[in-house]
Amino acid sequence: MRLIRHLTPAGPAYAALQADGTARAVTGDLFAGLQTTSEVVRPGKLLAPVAPAAILAIGLNYRKHAEEGGRGAPEKPVLFIKATSSLQHPGDPIELPRHLASAEVDYECELAVVIGRRCKNVDRAHALDYVLGYTCANDVSARDWQRKPWGGGQWCQAKSFDTFCPLGPVLVTRDEIPDPNTLRIRTLLNGTAMQDWNTGDMIFDVPTLIEFLSGSKTLLPGTVILTGTPHGVGFARTPPVFLRPGDEVTIDIEKIGALTNPVRVEPASLPG
């Protein structure tokens with residue numbers, strides 16, 4: 001099933017995309033089970049396909065990306081956390097921070113895994129049983145906050161500014177993607193491919209990540225796991241390429257679709 005979350009007069013709702021391009025209303029609960037009805041709906045504004053219970057992210061999980069950053073492959077998955085308030089919807093802008101300014105905002109295409117039921121201490125062989133589905137993510141990162149001494153090496157700070165986690169445009173249920181580690185994944189910046197690789201290059205595949213992240217920790221339904229980015233990020237280029245106002249970034253993943261967001265400067269706001 002290919003699900004969109006969209007805005008209706010009654011609030012956010014899900015619909016199931018059909019092969020002919022139409023959308024149909026669904027009944028039920030996202031985590032208890034949805035059923036497609038015969039009612040054709042006209043989707044409103046697209047929203048991120050899930051409101052995350054948590055956003056758990058993995059760093060340095062592609063071999064060539066670990067190399068371009070000057071590091072070798074880690075022995076264990078490298079976990080950091082993005083604030084749930086960093087969520088952004090398809091088509092809405094990535095905002096370059098103004099108050100805690102950054103001049104080095106970078107893109108990162110990532111496969112996002114959505115957990116469908118509560119799990120803890122799951123073994124790798126059964127890990128995918130706990131997956132609801134997959135979507136596209138952009139792990140937007142302020143590299144100066146992440147990498148410069150005055151930033152304190154704060155990955156969570158660098159990656160948790162508002163709008164720094166676009167998700168979408170659809171949630172594809174796990175039955176349609178039996179193996180999430182065989183997918184082409186790309187970033188297009190203003191139409192030019194900056195990253196173009198395959199999720200098969202992950203150092204720790206999706207089942208291994210779920211086994212690790214659920215170890216002595218409970219993953220709640222709606223937990224979003226960002227699985228790492230391939231090589232080609234902006235800070236590792238010569239010269240570096242960072243996001244600027246007026247840019248447009250697209251994350252494209254095979255069997256899922258394309259997530260596109262424009263870039264602008266964070267609007268000025270009054271205190272409080």
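Visitor: How far is the sulfur of cysteine 156 from the closest cysteine sulfur?
Guide: The closest cysteine sulfur belongs to cysteine 165. That is too far for a bond, because the gap from cysteine 156 is 13 Å.

Visitor: What kind of model is this?
Guide: Residues count from 1 along each chain as its sequence is written, and side-chain values use heavy atoms, with hydrogens and water left out. Local features need pLDDT of at least 70, side-chain atom pairs count only at pLDDT 80 or more, and totals for chains, interfaces and linings use all residues, since the model is predicted.

Visitor: How many disulfides turn up in the whole structure?
Guide: A disulfide here is a pair of cysteine sulfur atoms within 2.5 Å. Take cysteine 109: its sulfur is 9.3 Å from the closest one, in cysteine 136, so that is too far for a bond. Searching the whole structure gives a count of zero.

Visitor: Is cysteine 109 buried or exposed?
Guide: Buried means under 20% relative accessible area, exposed over 50%, and partly exposed in between (1.4 Å probe, protein chains only). Cysteine 156, at 37%, is partly exposed. Cysteine 109 has a relative accessible area of 0%, so cysteine 109 is buried.

Visitor: Which side chain makes a polar contact with the side chain of glutamine 146?
Guide: Glutamine 146 sits in helix 2, residues 143-147, and is buried at 9% relative accessible area. A polar contact is a pair of N or O atoms within 3.5 Å; within protein, one must be able to donate a hydrogen and the other to accept it, and residues adjacent in sequence count only if both atoms are side-chain atoms. At 2.9 Å, the partner is arginine 143.

Visitor: What else is glutamine 146 in contact with, leaving aside neighbours within four places in sequence?
Guide: Contact means heavy atoms within 4.5 Å. With those neighbours set aside, the list is Ser141, Gly153, Gln154, Trp155, Ala158 and Lys159.

Visitor: How many bridges join strand 1 to strand 2?
Guide: Helices (H or I, at least four residues) and strands (E, at least two) are DSSP runs, numbered from the N terminus, and two strands pair if DSSP finds at least two bridges between them. A hairpin takes strand 1 into strand 2 through two residues, and threonine 8 has glycine 11 as its bridge partner. The two strands run antiparallel, and the bridges joining them number seven.

Visitor: Which residue in strand 5 stands opposite arginine 5?
Guide: Strand 1 and strand 5 (residues 46-47) run antiparallel, joined by two bridges. Opposite arginine 5 stands leucine 47.

Visitor: What is the bridge partner of arginine 2 in strand 14?
Guide: Strand 1 (residues 2-8) pairs with strand 14 (residues 165-173) in the antiparallel sense, over two bridges. For arginine 2, the partner is valine 172.
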